[in-house]
Amino acid sequence: MHFFKTGIGFLTIGQAVVASSSPACHLSKAPSDPNTRLKSADTSFPEYRPLTIATDSISKPRPITTNTSFKLSSDGKTPGVIVLDYGKDIEGYGTFHVKSHSGNTSVFEMSYSESRALLDNHMADGPLPLSAAMDTYRINRFNVSESKTYTNRLIQGGLRYQKLNLSSAGELELSFVGFLPSIDPKSTSDLSGTFECSDPLINRIWATGARTVQLTEIAAESLPDFWVITDEGALVDSLAPQPFAQDYAATMTTYELNFTVKPISNGFGFTVLSDTLGNGIYLLVDVVNGIVSAHAGSSEWNSPTLASAALPQSVTLDNWHDVHCVVNLTQISIEINSVSVLEFSQTSSFYGSFGLGASYTHAAVFTNVSLTAFGQQMYYSSLTDKSALEDFQLGTNPLPVSVDGSRRDRIAYAGDLDIAAGATFASTHGLQYINGSIALLGSFQELPGFFVPTAKVQQFPRTSDVQANVTGLLSYSFSLASAMAQYYSHTGDTSFLQHWAPRVARLFDWADSQMLPNGLFNVSNAMFGGDWDYYDPSLDGVVAKFNLVYAYSLAQWLPFMADGGLNTTVYESRLQSLRSAINTHLWSETLQAFYLADSHQDFFSQEANALAILSGTANTTRSRTILSSMSRDLLVPAGALAFSNSSASSGWTQKISPYASGYHLKAAFHANDTLTAKHLLNTIWETMSDPKHANYTGCTWETLNADGTPGLGDSTSLCHTWGSGPTADLSRHVLGVQTVTPGFKTWKVAPQTLDLNWARGAHPTPLGPIQVHWRFDSEGLFFMNVTAPANTQGTIYLPSNMAKPLKTCRVVYGSKVEKSCAESFTVCGGQTFTFQQMS
């Protein structure tokens with residue numbers, strides 16, 4: 001049984017987002033010696049198999065064949081090690097088959113990493129405690145006692161490398177090692193969208209973004225339960241605590257936590273004063289070593305001890321113990337079985353929720369959890385029913401969703417969705433994933449009108465506003481609104497538009513209430529001022545990025561407002577006034593760009609200036625000036641810096657952002673600036689898509705240093721959707737396929753040739769694909785073939801930079817043949833259009 005004060009409901013948006021109820025479940029007793037990390041996998045996809053094997057950490061890898069066996073031997077002092085390489089990032093359930101074993105095979109470990117450099121760390125490239133969407137630890141330990149197939153119960157997110165390590169004195173022979181995919185593993189060449197051209201690098205870049213999209217699409221109800229629910233309680237094995245998820249919990253400062261626990265392997269842990277991502281004060285109860293200790297974060301790993309004490313000898317494994325914890329701001333005290341075991345004061349965390357967990361190789365059963373706060377019991381659960389998983393966001397995901405990264409940040413992020421949506425529409429055409437993320441994130445609207453920037457995916461959308469009036473990452477609210485506009489533009493789903501238009505209007509109306517007399521948007525609360533570059537100083541006041549992301553979002557929505565029931569005239573007037581104010585007050589004649597903020601007028605932002613072009617704030621002349629300034633002050637051999645060089649003296653890091661560069665690339669295509677587009681593609685995305693690069697994963701990365709190496713050290717995500725922008729832009733601008741009216745009822749094909757000899761591919765639409773093939777022959781004469789769905793109308797434009805002037809042409813459209821030349825042609829879908837330049 002369980003109860004809690006207030007609840008979280010859900011809403012349904014369109015056919016792609018469907019509510020479901022949890023099935024009745026058979027509950028079993030927790031075993032005294034469980035192998036709780038194993039599962040009987042249920043997947044129809046073929047296994048991922050490694051491509052190469054190395055028998056130690058330094059030997060040269062050799063190809064794996066069907067006859068390859070995996071043999072490990074250890075004397076108990078020197079471990080037997082095998083390193084496997086899958087060639088690119090994969091994700092799923094680790095599995096292996098034991099052919100034979102002898103001696104002591106109780107300590108067999110598999111560890112995982114996106115990069116080879118981190119594989120030899122004890123925790124490889126983990127732990128990853130931010131959510132319950134994958135295993136916490138990047139290392140799994142097995143006590144091998146039978147010749148059988150072993151399969152992990154939880155998903156390992158994006159990884160390229162796997163290490164097998166036998167450290168106990170014995171021998172193992174495995175006939176198979178691999179992964180059962182948690183996503184559809186189809187080749188990028190088999191997706192709904194396709195792209196191919198005469199430059200192999202550009203092909204790799206498109207496919208790299210498409211692969212990233214694939215690995216960050218999570219089908220509805222595909223995540224396994226994080227805990228194992230039994231009739232004794234919740235069995236938790238080597239998993240970071242995930243916070244109790246009621247709204248009020250995140251702001252608690254004073255409360256009492258009670259639970260009963262039976263440690264069955266090494267010990268257990270729990271957090272208090274935890275933020276929504278699990279970081280707080282971690283209390284480790286190490287029963288085997290007789291110590292209780294406190295640490296800042298979500299585990300003891302790489303976290304100095306804040307306080308510690310010896311445990312009473314009465315605290316033992318396989319027995320039940322009552323834990324009582326009192327939190328009073330900085331003061332924390334713990335009793336076990338009514339005996340005080342630890343009292344301390346700390347200044348690392350001051351408010352937040354609680355969570356239950358277990359450190360690596362620790363396991364315990366938890367039951368009878370009670371929270372007392374605000375003068376009353378706010379929560380109680382025996383944790384013997386699967387419905388308790390919802391309270392901590394530990395169950396499956398009710399909606400299909402697009403998340404931030406495959407390995408790190410398996411959470412829905414509002415800021416990434418504008419980039420992710422375009423790449424999705426051009427490649428997998430997974431409309432349900434974008435719709436699901438919008439449904440979830442859009443339901444987290446706060447009272448003033450802006451949105452919470454992130455949401456864990458193991459929850460239904462809310463049915464009421466978040467009772468708060470402060471948010472971080474304010475720009476993500478506008479990016480979410482832009483993603484909504486992009487979704488409607490692509491699908492033409494009027495029910496979607498009518499649902500979200502009034503909610504977006506609330507955001508825009510709040511923004512209008514924050515305007516200064518000079519017409520600029522002002523961020524009056526410093527808590528709002530952070531952005532995707534969390535490692536840089538936060539900004540408030542008048543900031544170019546916040547003004548321009550607002551203008552960009554307004555411009556994206558303006559064509560659809562009337563159909564959404566909004567007063568177009570009001571918002572059009574606001575956009576015109578905002579554009580005028582930005583041009584008047586934020587333009588720097590010295591920089592020849594829009595400066596960063598009123599507080600920092602000596603350097604500029606790459607993203608903000610790209611948005612000035614994309615939002616129509618900058619006219620054609622100023623757009624060219626901006627792109628020239630960006631080339632002068634941002635371009636480096638490895639790509640383009642996110643902020644101009646002089647930003648370093650004010651504390652900004654000199655990093656390359658595939659996210660910000662994605663908008664830079666869009667702006668270059670928007671302005672038909674081939675040189676800039678090619679530089680960005682041939683540097684930033686060349687690095688990430690190069691199979692010979694040391695950190696190649698087949699996916700786009702989160703951040704790069706100025707020299708092109710991963711930009712956030714060991715924590716850098718090497719499969720991050722916000723870097724996938726070129727996949728959309730190559731389809732939209734090099735193939736040239738774009739929607740003109742929502743749902744591709746009318747469309748256009750307007751290719752920019754990017755100095756290529758040819759390009760071909762298909763851009764998915766809700767009505768069917770638009771297929772394009774264009775080429776220049778050996779004499780420089782142009783050919784183009786276009787096929788579009790029936791019952792649509794399109795305009796086909798010839799490239800502006802034809803290799804030879806048009807003299808004579810042949811145009812075939814259905815049964816109609818013409819020999820006159822023109823720069824554009826209006827056609828109906830359902831028939832093939834062919835243009836041939838004859839001379």
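Reply: With a definition: two strands pair if DSSP finds at least two bridges between them. Keep in mind throughout that this is a predicted model.

Me: Which residue in β29 stands opposite Ser588?

Reply: In general, strands of a sheet pair through backbone hydrogen bonds, either parallel or antiparallel. Here, Ser588 stands opposite Ala593 in β29. Another bridge partner in β29 is Phe594, which sits across from Trp587. Strand β28 (residues 587–588) pairs with β29 in the antiparallel sense, over 2 bridges.

Me: How many residues lie between β28 and β29 in their hairpin?

Reply: The hairpin of β28 and β29 has 4 residues between the strands, and Gln592 in the turn has a positive phi of about 55°. β29 also forms a hairpin with β30, with 2 residues between them. Strand β30 (residues 600–604) and β29 pair in the antiparallel sense over 2 bridges, and Ala597 has His600 in β30 as its bridge partner.

Me: In what order do the strands of this sheet lie?

Reply: The order is β28-β29-β30, an open sheet of 3 strands with antiparallel pairing. β28 and β30 are the edge strands, each pairing on one side only.

Me: Why is β29 described as largely enclosed by the rest of the structure?

Reply: The cut-off to keep in mind is that buried means under 20% relative accessible area. In strand β29 (residues 593–597), 5 of the 5 residues are buried, so the strand is largely enclosed by the rest of the structure.

Me: What is the strand order in the open sheet of 4 strands?

Reply: That sheet has the order β35-β36-β40-β43, and its pairing is mixed. Its edge strands are β35 (737–739) and β43 (824–828), each of which pairs on one side only. Neighbouring strands of this sheet are turned by 20° against each other on average, direction ignored. Within the sheet, strand β40 (residues 793–797) and β43 run antiparallel and are joined by 5 bridges. Ile796, for instance, has Phe825 in β43 as its bridge partner.

Me: Which cysteines does a disulfide join?

Reply: The working rule is a pair of cysteine sulfur atoms within 2.5 Å. By that rule the count is 1 disulfide. The disulfide joins Cys809 to Cys821, with an S to S distance of 1.9 Å. Distant parts of the chain are linked by this pair: Cys809 is in strand β41 (residues 809–813), Cys821 is in the loop between β42 (816–818) and β43, and the two are 12 residues apart. The link of Cys809 and Cys821 is right-handed, with 105° about the S-S bond.

Me: Is Cys809 buried or exposed?

Reply: Cys809 counts as buried, because its relative accessibility is 2%.

Me: Which residues does His763 touch?

Reply: Start with its place: His763 is found in strand β37 (residues 758–763). His763 counts as buried because its relative accessibility is 2%. Not counting residues up to four places away in sequence, His763 touches Phe425, Ala426, His490, Ser731, Arg732, Val737, Phe744, Gly768, Pro769 and Ile770.

Me: What is Gln486 in contact with?

Reply: Gln486 lies in helix α5 (residues 475–491). This glutamine is buried, with a relative accessible area of 10%. Leaving aside neighbours within four places in sequence, Gln486 is in contact with Asp418, Ala421, Gly422, Phe425 and Arg732.

Me: Where do the domains of the protein run?

Reply: The domain assignment gives domain 1 (52–182), domain 2 (228–391), domain 3 (493–729) and domain 4 (736–838). Taken over C-alpha atoms, the centres of domain 1 and domain 2 are separated by 31 Å.

Me: How much area do domain 1 and domain 2 bury between them?

Reply: The size of an interface is often given as the accessible area lost when the parts come together. Domain 1 and domain 2 bury about 1,200 Å² between them, with 61% of it on carbon and sulfur atoms. Pro129, Leu130 and Tyr137 supply 42% of the area that domain 1 buries against domain 2, more than any other three residues. In terms of contacts, 17 residues of domain 1 are in contact with 13 residues of domain 2.

How values were computed. Residues numbered from 1 in each chain as written. Predicted model: local features only at pLDDT ≥ 70, side-chain atom pairs only at ≥ 80, totals over all residues. Heavy atoms only, no water. Axes fitted to C-alpha atoms, helices over the stretch in contact; angles between N-to-C directions. Buried < 20%, exposed > 50% of the residue type's maximum accessible area, 1.4 Å probe, protein only. Domains from an automatic or database assignment. Contact = heavy atoms within 4.5 Å. Buried area = accessible area lost by both parts, 1.4 Å probe.
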